[in-house]
Amino acid sequence: MQKLREVLEQSFRIDFLHAVLSGPREKDGVTKVKVRPILKQGVLFFQFEAYKNNQVFHENYEANQAVGVVLEQMQRFRQMQLETKGFRYTVLVSKKGKVTIQKKKQCGCVKDVELSHNRSKQYILPEGGCVPFLQDLGVMTPEGKIVHAKFDKFRQINRFLEFIEDVLPVFPKDREVTILDFGCGKSYLTFAMYYYLHELKKYDVRIIGLDLKTDVIRHCNALSEKYGYAKLKFLEGNIADYTGVEEVDMVVTLHACDTATDFALDKAIGWNAKVILSVPCCQHELNGQIQNEILEPVLRYGLIKERIAALVTDAMRAEYLESCGYEAQILEFIDMEHTPKNILIRAVKIYRFVRCWGNCWRKEERRR
């Protein structure tokens, strides 16, 4: 094992890529071990990922400890594949403990390994880039790093943009696209929509954010002017009374409380919106009316009744949208671990009703 120790000591450095220990000698033990480098607070560690009984166990070791762990583990495995930026090694261990090491030089360009402790996801708005509105809203630092306390908000923004990415074929490229965002609040997602559609996807887009808070509207308009977003405006007002447009392409309503969501959906249908994105909140209307003899033992618990009422309310909203010519989906917005109010209703217009001979009505498929 001395030769193997020398290889490991030379390899467990910053240019280490990965290693896989396989071919277990025991059927009931660890079946495979993967090793990768990670940086924790600027210190290089090596993460061991052990697979056993459909479970995965992780341990992190510094270089000198990692060498010892691999030497110990190789008494239980028949082979190991190890790669650094310079070389590839194949290590074979016979039944009698004889170690054979094959060494080959790496060919071509070797991709750098991801050193973060938690592997980074590929976001629509990537980490490390300069996104001005994320910086001013406190989500991103001037260096492009995500503020730890705001990482959930960063994930939420990107998840929301994924929903929009799915419906891009619905939006016309030959004219202005109009979007209304009811109850925009601090407008994380409103700015994200404009940045994504106008700056990244090059759509001619006009977005109007609507909210009741005067100071919030003033702040958002100041930021929009600062970034030069000429077609991103914020207005003070409520959902039910807004009459500033006659037809829109998309209506967004996020966390509009109770029946405010229903007012927004009704407005969107009246404007013949091609896309509706709605995250309902605080569905109290049905909660006070729902009754069911069979479910009475369940509904007697207030929290359970509240959640059932919310789910039934959202299902009824989706069915209503279907009846108005939309293809409606109920989707998970963000993970359950962050908030129980994680349902998003996405509706896309697929047909419209037109009057025909005899004063009757028929469905006409909308061109997509």
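**Close-up views of a predicted model**

**View 1. Lysine 226 pairs with aspartate 136.** The two side chains form a salt bridge, with the closest N and O atoms 2.8 Å apart. Here a salt bridge is a side-chain nitrogen of Lys or Arg within 4 Å of a carboxyl oxygen of Asp or Glu. Lysine 226 belongs to helix α6 (residues 214-227) and aspartate 136 to helix α3 (residues 132-136), so the bridge ties together parts 90 residues apart in sequence. Helices (H or I, at least four residues) and strands (E, at least two) are DSSP runs, numbered from the N terminus. Lysine 226 is exposed, at 56% relative accessible area. Aspartate 136 is partly exposed, at 33%. Buried means under 20% relative accessible area, exposed over 50%, and partly exposed in between (1.4 Å probe, protein chains only). The model is predicted: local features need pLDDT of at least 70, side-chain atom pairs count only at pLDDT 80 or more, and totals for chains, interfaces and linings use all residues. Residues are numbered from 1 along each chain as its sequence is written, and side-chain values use heavy atoms, with hydrogens and water left out.

**View 2. Arginine 317 bridges to aspartate 262 and to aspartate 314.** The N to O distance to aspartate 262 is 2.8 Å. Arginine 317 sits in helix α9 (residues 302-323) and aspartate 262 in helix α7 (residues 260-270), so this pair ties together parts 55 residues apart in sequence. Arginine 317 is buried, at 5% relative accessibility. Aspartate 262 is partly exposed, at 31%. The bridge between aspartate 314 and arginine 317 spans 3.0 Å, N to O. Both of these residues lie in helix α9, 3 residues apart, about one turn of the helix. Elsewhere, salt bridges that share partners join Glu176, Asp204, Arg206 and Lys231 into one network. The whole structure has 11 salt bridges.

**View 3. Helices α7 and α9 pack roughly parallel to each other.** Their axes come within 11 Å and cross at roughly 10°. Axes are lines fitted to C-alpha atoms, for helices over the stretch in contact; angles run from 0 to 180 degrees between N-to-C directions. Angles under 35 degrees count as roughly parallel, over 145 as roughly antiparallel, 65 to 115 as roughly perpendicular and the rest as oblique. Helix α7 contributes Thr261, Asp262, Leu265, Asp266 and Ile269 to the contact, and α9 contributes Arg317, Tyr320 and Leu321. Contact means heavy atoms within 4.5 Å. By class, there are 4 nonpolar, 1 polar and 3 charged residues. Ala, Val, Leu, Ile, Met, Phe, Trp, Tyr, Cys and Pro count as nonpolar, Asp, Glu, Lys and Arg as charged, and the others, Gly among them, as polar.

**View 4. Seven strands form an open antiparallel sheet.** The strand order is β4-β3-β2-β1-β5-β6-β7. Two strands pair if DSSP finds at least two bridges between them. The edges are β4 (55-61) and β7 (99-105); each has a single partner strand, so one side of each is left without a neighbour in the sheet. Neighbouring strands are turned by 15° against each other on average, direction ignored.

**View 5. Strands β2 and β3 pair in the antiparallel sense, and helices α1 and α2 pack on the sheet.** Residues 32-40 of β2 and 43-52 of β3 pair over 9 bridges. Lysine 32 stands opposite tyrosine 51 in β3. Helix α1 (residues 2-11) touches β1 (16-24), β5 (77-84), β6 (87-93) and β7, and its direction makes about 30° with that of β5. Helix α2 (residues 63-73) touches β1, β2, β3, β4 and β5; its direction makes about 25° with that of β3.
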